[in-house]
Amino acid sequence: MDKHTLIGFLLIIGIMVGFSYLNRPSEEELERQRQIQDSIRTEQAAQQALAEAELQAAESQQISQQSDSVNQELLANKLGDFAQFSQGESKGFTLENDLLRVTVSNKGGAVQSVEVKDYTTSSGKPLILFDGTDSEQNMTLITTNNRVIDTKDLYFKASYLNDSTLEMSLPMADGALRFTYTLPQGSYMLGFKIKADNMSQYLSQRENGLDMEWDMMIRQQERGRKFENRYSGLYYKFLEDDVENLETEKDDSQKLTNKVKWIGFKDQFFSSIIIADGDGYFTSTDLESSMLSDIASGDGSKYLKHCNSRMVVNFDPSGAEDTELQYFFGPNQYKILKGIDDDKEGVEELQLVDILPLGWGIFGWVNKYLIIPIFNFLGRFLVSYGLIIFLLTLIIKIILLPFTFKSYMSTAKMRVLRPQIEEITSKIPEDKAMERQQATMGLYRSAGVSPMGGCLPMLLQMPILFAMFTFFPACIELRQQGFLWADDLSTYDSILSWDTYIPIISSIYGNHVSLFCLLMCITNIVYTHITMKDQPGNSQMPAMKWMMYLMPVMFLFIFNDYAAGLSYYYLVSLLITIGQTYLFRLFVDDKKVLAKLEENKKKPKKKSGFMERLEKMQKAQMVQQRELAKKRAKR
């Protein structure tokens, strides 16, 4: 390379370097270029991501289409002709009258929720027997090709036939399965008819029964959970027999082989009952009831029990005959439940009234034929149920007045003979108890006094006392009726309550003190004090005396959770009894009673066969005791 070429080459390089230096971009231009490049890269990345998303969506759609195709094929295999009803949107359709609001879901064609109008819960909310997941009803269909179809998985077509009738149907090409619900005005009964309309090519004609299942969570509606739980449960009636129920205080189940007329899920004051109408009945019935704790019931709305029933009802798949059922959704009120049987006789009677805990035997008769008629009669003229209970108590005490007076006179006779009894006690040593008893009985017999004379009148009063004990927890008329400080006579009237859990006390007696119950117990102690003073020889039995005072204290814990109306009734009854006792004392002269008894001693006495046998037994016992004493002395 010669010198000129080298110089030219260097000049070219210098010019290029100088040109590059002079034309280099500024910092602003560099930043603008970087932003442009970043935008280009971002756009490219977005386009790439979009392309990938479109590709993924296309693949997912293809997979989904394949999955839907598989699902449709599975449904077609499982449901056959009924697969067309497996897809849909769940909706509720309402039937309403002046008493009920019933919602029927198109999914399953079953009753979804029931509201009982004119009633509210203890917290003032609308009274819902069940809603949504609280209850599930299902029927199992058998198809001609032996497929098993659950109606709870199918979507029915809903249509109103009129204002009171709703039809849920599964329409086929030339037939339909129809569920028809009818709610008449002024009724708590919901009619339910099942008809297979020209379904012989779809439903097996060999099946003459329809498997049914009804599952329900019984809601807590009242204030006192433990007390309400005691009167809630699963009840049922055999076709030609009495009403029975599962255990209410523990989990229980039954498999029934006899024909069953109805099955009911009962709360303290409200019930949901399914009835086989007409000549129908349920067979192969399995019933189950389980207790739910506060934790198990959940934080939203509390439940008392979980009840389940599975049964078979007559069904004609040919459509020649309809399957007719009825639901009762409503209050457990005596006149309502009794009125359902007004047009029925014999085995046709549903006996829904027997779900009320009115007591068995004579106690139930007293309630049905004495207490309830008087209570309803007073309710026609008075609006205050506190006053109604007071007048009811007064009427009962007037009815029992002859027995009460007879019992008082028996006590008065024994009271005026007390000095003579104490004299016998002082003369005969304590180790000769049999002789002392004979002498005492001889005194009573000669004076014409029967030691049992005060017991018989008391026994005659017991049916009424026990009838009232069972009446108040079953009396829905007292529900949310206030009186004085009690805002609800059907539950406890708390004047003191606490949230802290106290072992034993909280689990058994609750976290409160009821004022009517407290007043009743205090009055009972006063009455016990009054009556104990009249008892002969009470100083000889201090343990018995303290036992008599202990019983009213125990009542405070026994009745603390019970209805305020019941404690109020016992309070009024005790006050009236105390008043009667003082009136009797005012008009009964002890001196005249004693004089009459002394006259009786002068009259010849004819021993009754019972007294003769009693004396013979006593003499035989005395002989045996003497012989035993001699043998011991010889030893």
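Glu 136 counts as partly exposed, at a relative accessibility of 42%, on a scale where buried means under 20% relative accessible area, exposed over 50% and partly exposed in between, computed with a 1.4 Å probe on protein chains only. The model is a predicted one, in which local features need pLDDT of at least 70 and side-chain atom pairs count only at pLDDT 80 or more, while totals for chains, interfaces and linings use all residues. Residues are numbered from 1 along each chain as its sequence is written, and side-chain values use heavy atoms, with hydrogens and water left out.

Glu 136 is found in strand E5, residues 135-142; helices (H or I, at least four residues) and strands (E, at least two) are DSSP runs numbered from the N terminus. Leaving aside neighbours within four places in sequence, Glu 136 is in contact (heavy atoms within 4.5 Å) with Lys 152, Glu 213, Trp 214 and Asp 215. The C-alpha atoms of Glu 136 and Val 111, which are 25 residues apart along the chain, are separated by 8.4 Å.

Thr 151 lies in the loop between strand E6 (148-150) and strand E7 (157-162), and is buried, with a relative accessible area of 1%. A polar atom of the Thr 151 side chain lies 2.9 Å from the backbone nitrogen of Met 139. Apart from neighbours within four places in sequence, the residues in contact with Thr 151 are Gly 108, Asn 138, Met 139, Leu 141, Phe 156 and Phe 179.

Among the helices, H5 (residues 362-379) packs with H6 at an angle of about 135°, the two axes being 10 Å apart. Axes are lines fitted to C-alpha atoms, for helices over the stretch in contact, and angles run from 0 to 180 degrees between N-to-C directions. H5 and H6 are therefore oblique to each other, since angles under 35 degrees count as roughly parallel, over 145 as roughly antiparallel, 65 to 115 as roughly perpendicular and the rest as oblique. The contact is made by residues of H5 that include Leu 370, Ile 374 and Phe 375, and by residues of H6 that include Tyr 385, Leu 392 and Ile 399. By class, the contact of H5 with H6 has twelve nonpolar, one polar and no charged residues, where Ala, Val, Leu, Ile, Met, Phe, Trp, Tyr, Cys and Pro count as nonpolar, Asp, Glu, Lys and Arg as charged, and the others, Gly among them, as polar.

Helix H6 (residues 385-399) also meets helix H14 (residues 564-587), their axes coming within 10 Å and crossing at roughly 45°, an angle that makes H6 oblique to H14. Residues of H6 that contribute to the contact include Phe 390, Thr 393 and Lys 397, and those of H14 include Tyr 568, Val 572 and Gln 580. The residues of this contact of H6 with H14 divide into eight nonpolar, six polar and one charged.

Thr 404, found in helix H7 (residues 401-416), is buried, with a relative accessible area of 13%. Its contacts, neighbours within four places in sequence left aside, are with Gln 461, Gln 580 and Phe 584. Thr 404 and Thr 581 are 177 residues apart in sequence and 9.1 Å apart in space, C-alpha to C-alpha.

Over the protein, the secondary structure comes to 16 helices and 21 strands, and buried residues make up 42% of the 635 residues. Of the contacts with a separation of 6 or more, 66% are accounted for by residues 24 or more positions apart.

How values were computed: A polar contact is a pair of N or O atoms within 3.5 Å; within protein, one must be able to donate a hydrogen and the other to accept it, and residues adjacent in sequence count only if both atoms are side-chain atoms.
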